[in-house]
Amino acid sequence: MPENQNTLQAGTPVSSPNPEQRFMPSEIEPRWQARWDADASLYAAEGHDSGKPKYYCLEMLPYPSGQLHMGHVRNYAIGDALARHMWMRGFNVLHPMGWDAFGLPAENAALKNGVPPREWTLGNIVAMKKQMRRMGLSYDWSTEVTTCLPDYYRWNQWFFLKMFEKGLAFRKKSKVNWCPECQTVLANEQVVGGCCWRHEDTVVELRDLTQWFLRITKFADELLDGLDKLEGWPEKVRTMQRNWIGRSEGAHVDFAVDGSSEKITVFTTRVDTIFGATSVQLAPEHAVAKVFALEDDALRGQIEELLEQQKKARETDALGAIEKHGVATGQFAVNPFNGERVPIWVANYILADYGTGAIMSVPAHDERDYEFAQKYGLPLRRVIAPAVTGAEEPVLPYVGEDDAVVIGSGEWSGLGCAAAQEKMAAFAKAKGFGTPTVTYRLKDWGVSRQRYWGTPIPMLYCDQCSPDEPMPVAESELPILLPEQVDITQTNGSPLGRVAEFVNAKCPKCGGKARRETDTMDTFVDSSWYFYRYTDAKNSKAPFDSDKANYWFPIDQYIGGVEHAILHLIYSRFWTKVMRDLGMVKNDEPAERLFTQGMVIKDGAKMSKSKGNVVSPDDMIARYGADATRMYALFAAPPDRDLEWQEEGVAGISRFLGKVYRLTTKYSDVTGAAEAAPTPKGQALLRRLHQTIAKITQDFDGRWHFNTSISSIMILVNEITANEAAMDSGEITSATVREVFRGLILLLAPFAPFFAAEMWDQIGGEGVVFRTAWPLVDEELAREDEIEIPVQVNGKLVNVVKVPADSDEAAVKAAALADEKVMARIEGKTVVKVIVVPGKLVNLVVK
């Protein structure tokens, strides 16, 4: 043992503790960050042959808007704590970060400030990356991905060509969502409450345009069935995706328009009720309704009014509750099952883009149809009845199915509803006027955008070879580069269409003049596969090496906001299945576990730049330090709940770290023999340490209650503070003091890395603190000698008794009955029953 170290046994006071030093995060944190920046291997993942289990920890990549706010910090602090913890648990960790860098805000900035989108975007990335480093986030920047750079978006184009080759990318004229503010098309998933997802007050219009689509519907059943296997995903997200995919089993049935060659195809999940149809109803934009309107000016005006009502309902997100209005066309359709002529109506609650845009109305057995029929005096006809003989006639509308039978329906009368549905659909198919059908709410993904700042679609058009048929560019020509200087007006279609150098190309077939596709890809293409690129970010020959991706995937833990449940998360699942079918990956799903963190709320609203309630982490760091800022984000609320922002909370965490700093520096030089047996007070302090280790380990392995993890560390620190005199006097051995502080610093390392590194250095710890093994809990040491048991009489608490931790039921019962307060409460009464819940409570039933 070196001569300048003293071995302190029990009863030997700690001599001359270090003088108290002031906690100065503004000095400590930059010093450690400079050290970490100089070590490129610090956060780098190891090779596949490391012998360690792998752990891919990922937070959703941000849009580089220019500044992080505390909502970002909360997301990244959760992932950072997890990554550091898994390093300490001996895992080979991949923890990357990148930038979802294409998008409309860059074009808006170009219009407003005259700064080109590329320059604006890359400048913002520099600023945000600096903020992330100052936060001490443990990203491996050697794997950084920036989606607006050609080395990334060339592979978007490569994937597009592969999908075109496989029939998964196609072009068609379709009714699409158009945002007047964005001046571009939106996917169905980007329309929220009838409005643009970016511009919440801008009503989306429906337009007929020729657009590019990706055939996501081919994977509809697999996307739906796969949700059952994603047990590590929140049920809320899985439910949202199930509802969005919207699988319905039923039948298409054709109603001929009487006296015309037109026909109306309806989709119904209840073909067993078709004998009860008393009208057919069309959406205002249905093709047959337009034919009728051409022949009747008055009808045309009425249909236009219904369409205007739909538009207004979209504006207020009230389509589902729209007041139902309709107009009789004077035309009739023929029910193919019984030959009955039924009137054709046009109704404002029927949507052109849902199902076939037409329904058969069965008011006796459908609530919406009933409401409409009551308003307009349409007849009701019962064709479904309870299966129980002699049952009372049910109140209409009666929507029974599982316990009901078909009546008044010809040869199918008397069948159960399910049997009738199957037989009637088969009959329609055999007779040629219908077919059993499965429909989906999910539509093919429209990826064309009339914007500049996105991935160019790698397709050509040649008036000589194929004026209307697109041709793929050769893979050898990728990437098709975005031109640098473009006049962005956000009017008159894509800005690329006005750049001759971009548009003009050579036809790969005839060698003549061709023109490039001027639409760019939806930016959700960029984020659908970026996490695979992280595994091989510098690859110039392929999107990634399959062996590397197959080692790391699926992602072990993905972290982000629930607002991405439909858009990004369903698209990324689709993209993974496409890559699997191309032989690039083996996994069916991108992420094994998903965590959706709560929002940060300030002034009653989600923290966001648009609401003007953003709190900059830079300000918090300047006042309190990065560790206090990120610890507050983890401490103020469970991570899956919303957090109400309070700056005083950050100040409180800063004071707590100052307290730990004072204690650690005071006892940093304490040494002692490892074999020194702990004293009773030391034993109690070690028990608290190991209980804290057990609690935090369980939190990381389970529900991530980091708020209670940090709270348990505070309790440990309070107990250390309460024992200062005992430590100073030697009543607690120096070996115990050293073990307690070593454990405390390791427990803090995932939550406050700068602080933990400084304290680890102070106590002479070896190596990097967050690469040091996570402390193991001593179960025996963590166990309490005594436990407290509440005692109730007839369910009401009377007292709490202490019993040895290993007491059996008889001993607990005896202690409860011997307690003075309990004895007084039951005096003169008969104890009927004693209920003992081991380790929890005793309840005496008396009378």
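Where in the chain is the place of Asp-603? In this predicted model, Asp-603 occupies the loop between β28 (600–602) and β29 (605–606). The protein has 847 residues, of which 53% count as buried, and its secondary structure comprises 26 helices and 34 strands.

**Overall architecture**

- The C-alpha trace of the protein spans about 110 × 90 × 50 Å along its principal axes.
- An automatic or database assignment divides the protein into domain 1 (40–147 + 527–597), domain 2 (169–215 + 460–523), domain 3 (248–439), domain 4 (628–633 + 644–782) and domain 5 (786–846).

- One cavity of 30 Å³ or more is found when the whole structure is searched.
- The volume of the largest cavity is about 130 Å³.
- Its lining consists of 16 residues, and those nearest the centre of the cavity are Leu-104, Arg-198, Arg-449, Arg-451 and Thr-523.
- By residue class, the lining of the largest cavity contains five nonpolar, six polar and five charged residues.
- Three elements, α3 (104–113), β6 (184–186) and β25 (520–521), each contribute at least two residues to this lining.
- Both domain 1 (40–147 + 527–597) and domain 2 (169–215 + 460–523) take part, each providing at least three residues of the lining.

**Aromatic pairs between distant parts of the chain**

- The whole structure holds 57 aromatic pairs.
- One of these pairs is formed by Phe-23 and Phe-755, in an edge-to-face arrangement with 5.4 Å from centre to centre and 90 degrees between the planes.
- Because Phe-23 lies in the segment before α1 (25–37) and Phe-755 in helix α23 (residues 753–762), this pair ties together parts that are 732 residues apart in sequence.
- Phe-23 and Phe-755 are both buried.
- Tyr-43 and Phe-770 form a stacked pair, with centres 5.9 Å apart and 25 degrees between the planes.
- This second pair also links distant parts of the chain, since Tyr-43 is in the loop between α1 and β1 (54–59) and Phe-770 is in the loop between α23 and α24 (779–782), 727 residues apart.
- Tyr-43 and Phe-770 are likewise buried.

**Aromatic cluster and charges over rings**

- A single aromatic cluster is made up of Tyr-152, Trp-155, Trp-158, Phe-159, Phe-219, Trp-445, Phe-524, Trp-529, Tyr-571, Phe-574 and Trp-575.
- Trp-155, a member of that cluster, has the charged end of Arg-154 over its ring, 4.5 Å from the ring centre.
- A further contact of this kind places the charged end of Arg-35 over the ring of Trp-32, at 4.0 Å from the centre of the ring.

**A buried loop residue**

- Ile-216 belongs to the loop between β9 (205–214) and α6 (220–226).
- Ile-216 counts as buried because its relative accessibility is 0%, and buried means under 20%.
- Ile-216 and Val-578 are 362 residues apart along the chain, yet their C-alpha atoms are separated by 9.4 Å.

**Cis peptide bonds**

- Leu-396 and Pro-397 are joined by a cis peptide bond with omega of about 0 degrees.
- Pro-397 is part of the loop between β16 (384–386) and β17 (404–406).
- A cis peptide bond also runs from Leu-478 to Pro-479, where omega is near 0 degrees.
- Pro-479 is located in the loop between β22 (466–472) and α12 (500–503).

**Positive phi at residues other than glycine**

- Asp-603 is not a glycine, yet has a positive phi of about 55 degrees.
- With a relative accessibility of 64%, Asp-603 counts as exposed, the cut-off for that class being over 50%.
- Trp-704 is likewise not a glycine, and has a positive phi of about 60 degrees.
- The loop that holds Trp-704 runs between α19 (680–701) and α20 (706–722).
- Trp-704 has a relative accessibility of 6% and therefore counts as buried.

Key:
Residues are numbered from 1 along each chain as its sequence is written. This is a predicted model: local features need pLDDT of at least 70, side-chain atom pairs count only at pLDDT 80 or more; totals for chains, interfaces and linings use all residues. Side-chain values use heavy atoms; hydrogens and water are left out. On a 1 Å grid over the protein atoms alone, a cavity is a set of points where a 1.4 Å probe fits but cannot get out, and a pocket is an open set with protein on both sides within 12 Å along at least five of seven lines; lining residues have an atom within 4 Å of a point. Grid points are joined across faces, edges and corners, and a volume is the space filled by probe spheres set on the points. Helices (H or I, at least four residues) and strands (E, at least two) are DSSP runs, numbered from the N terminus. Ala, Val, Leu, Ile, Met, Phe, Trp, Tyr, Cys and Pro count as nonpolar, Asp, Glu, Lys and Arg as charged, and the others, Gly among them, as polar. Rings of Phe, Tyr and Trp (its six-membered ring) pair if their centres lie within 6.5 Å; planes under 30 degrees apart count as stacked, over 60 as edge-to-face and the rest as tilted. Buried means under 20% relative accessible area, exposed over 50%, partly exposed in between (1.4 Å probe, protein chains only). A charge sits over a ring if NZ of Lys or CZ of Arg is within 6 Å of the ring centre and within 35 degrees of the ring normal.
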